[in-house]
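Visitor: Hi, I'm new to this one. Could you walk me through it?
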Amino acid sequence: MKIGLIGQGLLHDQLSGRLCHLGNEVLTHRGSVGGDGGESLHDFVEQLPVPRIIFVTDPECELPGDFIHGMLAILAAGDLVLDATQSDHQQSKRNANSFYDLLVGYMDFWIDGDLSERSSQIFVSGFDDYFEMVFPLLDAISNEGNVVHLSTKAGAGHYARDTLEAMNAEILKLYQGAAYELSNSDFEMDPSLVKSLFRNVDSKPRFGRDLMAGGSSVEA
């Protein structure tokens with residue numbers, strides 16, 4: 001299978017490596033989602049077989065409007081775009097509607113963990129037909145058995161990511177506050193030793209693994 005990959009960064013490199021390791025041919029567009037990357041977006045897309053599967057993985061960018069319009073002018077019915085950018089869920093819903101109007105598939109996803117670890121999970125949302133189309137590929141990328149279809153409604157993946165990241169940030173603040181109180185108590189505990197109190201406490205819960213079984217489908 002020949003797959004398109006647009007973006008840069010660690011996720012881009014890991015995803016490219018996993019896809020190649022699984023025997024796929026990966027065509028990369030190394031610029032940012034709004035950039036040229038050394039070749040036109042049109043030339044890049046034209047090199048992919050129909051129906052096209054294109055991952056967009058730039059970790060620093062949202063999927064901008066000019067990129068959406070550029071893609072829509074090139075893609076055809078049956079193609080599928082998987083969005084792992086930093087787009088918020090409202091933008092993801094708007095992106096999905098733009099693609100769906102032309103019968104082009106759109107799914108938003110995020111990866112919890114490192115693709116080099118067997119514990120990594122992929123959370124994805126979008127129509128069942130698109131999920132069925134790409135599930136074997138995502139399942140193989142995630143080391144099998146760790147793909148969660150959150151909802152048929154696009155945007156749920158990015159919404160879950162943002163919500164859980166906000167929760168993790170609040171949890172971290174709580175631990176920092178607790179460590180401060182312990183270190184500054186009347187018992188004069190050594191701050192370096194206070195850290196050991198938190199060794200058996202998971203300060204960044206793996207929400208996906210804890211709350212739902214990999215490979216299940218949960219409707220939002």
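Guide: Happy to. Strand 6 is a handy place to start, and there Asp108 stands opposite Ser125. Keep in mind that this is a predicted model.

Visitor: What do strand 6, helix 5 and strand 7 make together?
Guide: They make a right-handed β-α-β unit, with helix 5 spanning residues 128–141.

Visitor: Is strand 6 buried or exposed?
Guide: Buried: that goes for 5 of the 5 residues in 121–125, so strand 6 is largely enclosed by the rest of the structure. Both of its faces are covered, with Gln121, Phe123 and Ser125 on one side and Ile122 and Val124 on the other.

Visitor: OK, new topic. How many aromatic pairs are there in the whole structure?
Guide: A search turns up 7. One of them is Phe99 with Tyr106: the ring centres are 5.6 Å apart and the planes sit at 10°, so the pair is stacked.

Visitor: Is Phe99 buried or exposed? And Tyr106?
Guide: Phe99 is buried, at 1% relative accessible area. Tyr106 is buried too, at 0%.

Visitor: What about Phe127 and Tyr130?
Guide: Their ring centres are 5.9 Å apart with the planes at 20°, so that pair counts as stacked as well. Here Phe127 is partly exposed, with a relative accessible area of 40%, while Tyr130 is buried at 15%. Together with Tyr100, Phe127 and Tyr130 form one aromatic cluster.

Visitor: Back to the inside. Which residues touch the most other members of the largest nonpolar core?
Guide: Phe55, Met71, Leu82, Phe99, Leu138 and Ile141, out of the 46 residues in that core. Helix 5 gives the most to this core, with 6 residues.

Visitor: Phe99 again! What does Phe99 touch?
Guide: Leaving out residues up to four places away in sequence, Phe99 touches Ile68, Met71, Leu72, Leu75, Val81, Val104, Gly105 and Tyr106. There's also a second, separate core of 7 residues, including Phe123, Val148, Ala156 and Ala160.

Visitor: Why would nonpolar side chains be buried together?
Guide: I can only give you the general pattern: in soluble globular proteins, nonpolar side chains tend to be buried together.

Visitor: Tell me about helix 6. How far does it reach?
Guide: Helix 6 reaches 41 Å from its first C-alpha to its last, close to the 40 Å expected for its 28 residues, 156–183. Its buried residues include Ala156, Ala160, Leu164 and Ile171.

Visitor: And helix 1, what do its buried residues pack against?
Guide: Strand 1, strand 2, strand 3, strand 5 and helix 5. Those buried residues of helix 1 are Leu11, His12, Gln14, Leu15, Ser16, Arg18 and Leu19. Following helix 1 comes Gly23, whose phi is positive, near 90°.

Visitor: Which residues other than glycine have a positive phi?
Guide: Leu103 is one of them, with phi near 60°, and Glu188 has a positive phi of about 50°. Leu103 lies in the loop between helix 4 and strand 5, and Glu188 in the loop between helix 6 and helix 7.

Visitor: Are they buried or exposed?
Guide: Leu103 is exposed, at 57% relative accessibility. Glu188 is exposed as well, with a relative accessible area of 69%.

Visitor: Last one: where is the cis peptide bond?
Guide: It joins Val50 and Pro51, with omega at about -5°. Pro51 lies in the loop between helix 2 and strand 3.

Methods
Residues numbered from 1 in each chain as written. Predicted model: local features only at pLDDT ≥ 70, side-chain atom pairs only at ≥ 80, totals over all residues. Heavy atoms only, no water. Buried < 20%, exposed > 50% of the residue type's maximum accessible area, 1.4 Å probe, protein only. Helix = DSSP H or I, 4+ residues; strand = E, 2+ residues; numbered from the N terminus. Pairing = 2+ DSSP bridges. Right-handed = clockwise from strand over helix to strand, strands pointing away. Phe/Tyr/Trp six-rings, centres within 6.5 Å; stacked < 30°, edge-to-face > 60°. Core = buried A, V, L, I, M, F, W, Y, C linked by side-chain atoms within 4.5 Å. Contact = heavy atoms within 4.5 Å. Expected span 1.5 Å × (residues − 1).
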